[in-house]
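In these notebook entries I record what I looked up in one chain.

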Amino acid sequence: MTVLILNASYEPLTFVSWQRAVALVVTGRGELLEQDGDRIVRSSGGLELPWPAVVRLLSMVKTRRGSGVPLTRQYLVARDGRRCQVAGCERRGDTIDHLVARSRGGEHRWTNVALMCGRHNSVKGDRTLDELGWSLKREPTEPTRVMILTTRARTRSEWERWVVPAQ
Ligand SMILES: [Zn+2]
């Protein structure tokens with residue numbers, strides 16, 4: 001079971017295994033904020049504690065900001081909320097569109113990709129949004145680590161209450 005780790009500032013930091021999370025609590029480096037149901041973990045030393053869902057570090061860990069989120073399908077889905085990014089479209093974004101097509105020199109980077117539904121992607125082809133008169137729901141930007149972590153944390157109620165909205 002995965003555990004959400006918050007920085008001392010309550011900012012989402014990472015996800016770790018429950019074993020690592022328990023070790024943080026047992027050694028006094030983290031405090032248990034949220035438990036996972038009524039289950040109990042028994043450590044090898046005979047200590048019993050609630051099964052962790054969210055643990056906050058008691059001292060601040062420095063994080064790099066604004067860089068280093070690799071462009072993967074998983075993270076793009078998190079950034080775009082699984083939805084087609086063409087303004088007004090409510091369909092699922094099942095395909096990755098290069099806004100300036102790769103055949104026209106468009107790069108594979110955060111500011112040039114967006115999720116689109118199959119219909120919009122196939123109509124668009126290698127044309128640009130300007131040529132089609134389309135616009136996007138929001139400007140495509142590189143997401144921050146916190147934004148990605150927050151999006152994942154929204155998938156479980158035990159985690160969700162500890163994270164702020166992504167934007
Ligand atoms: Zn669409």
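**Entry 1: helix H1.** I looked up the buried residues of H1 and found Ala21, Val22, Leu24 and Val25. I then asked why these residues lie on the same side of H1. The reason is that they cover an arc of only 155° around the axis. I note here that the model is a predicted one.

I next looked up what these buried residues of H1 pack against, and I found E1, E2, strand E3 (30–42) and E4. After H1 comes Gly28, and its phi is positive, near 80°.

**Entry 2: contacts of Ala21.** Which residues does Ala21 touch, if residues up to four places away in sequence are not counted? I listed Val3, Ile5, Val16, Pro52 and Val55.

**Entry 3: the cores.** I looked up the largest nonpolar core and found that it has 17 residues. Ala21 is among those with the most contacts inside this core, together with Val3, Leu4, Ile5, Val54, Val55 and Trp159. I also checked which elements supply this core: strand E1 (2–6), helix H1 (18–26), strand E4 (48–57) and H5 each give at least two residues. There is also a second, separate core of seven residues, and I noted Val113, Ala114, Leu115 and Met116 among its members. As general background, I recorded that nonpolar side chains in soluble globular proteins tend to be buried together.

**Entry 4: strands E1 and E2.** In what sense do E1 and strand E2 (residues 12–17) pair, parallel or antiparallel? I found the antiparallel sense, over five bridges. For Leu6, I looked up the bridge partner in E2, and this is Pro12. The hairpin of E1 and E2 has five residues between the strands, and in this hairpin Tyr10 takes a positive phi near 75°.

**Entry 5: helix H2.** I turned to helix H2 (residues 73–80) and found that its buried residues are Ala78, Arg79 and Asp80. I then looked up what covers these buried residues; strand E6 (113–116) and helix H5 (145–153) are included. Just after H2, I noted that Gly81 has a positive phi of about 60°.

**Entry 6: domains.** Finally, I consulted the domain assignment of the chain. Domain 1 is given as 2–64 + 146–160, and domain 2 as 73–132. How many Å separate the centres of domain 1 and domain 2? Taken over C-alpha atoms, the separation is 35 Å.

Note on methods. Residues are numbered from 1 along each chain as its sequence is written. This is a predicted model: local features need pLDDT of at least 70, side-chain atom pairs count only at pLDDT 80 or more; totals for chains, interfaces and linings use all residues. A residue is buried if 20 or more other C-beta atoms lie within 10 Å of its own, exposed if 12 or fewer, and partly exposed in between; C-beta atoms are placed from the backbone. Helices (H or I, at least four residues) and strands (E, at least two) are DSSP runs, numbered from the N terminus. Two residues are in contact if their C-beta atoms, placed from the backbone, lie within 7 Å. A nonpolar core is a set of buried Ala, Val, Leu, Ile, Met, Phe, Trp, Tyr and Cys residues joined through C-beta atoms within 7 Å. Domain bounds come from an automatic or database domain assignment. Two strands pair if DSSP finds at least two bridges between them. The arc is that of the directions from the helix axis to the C-beta atoms.
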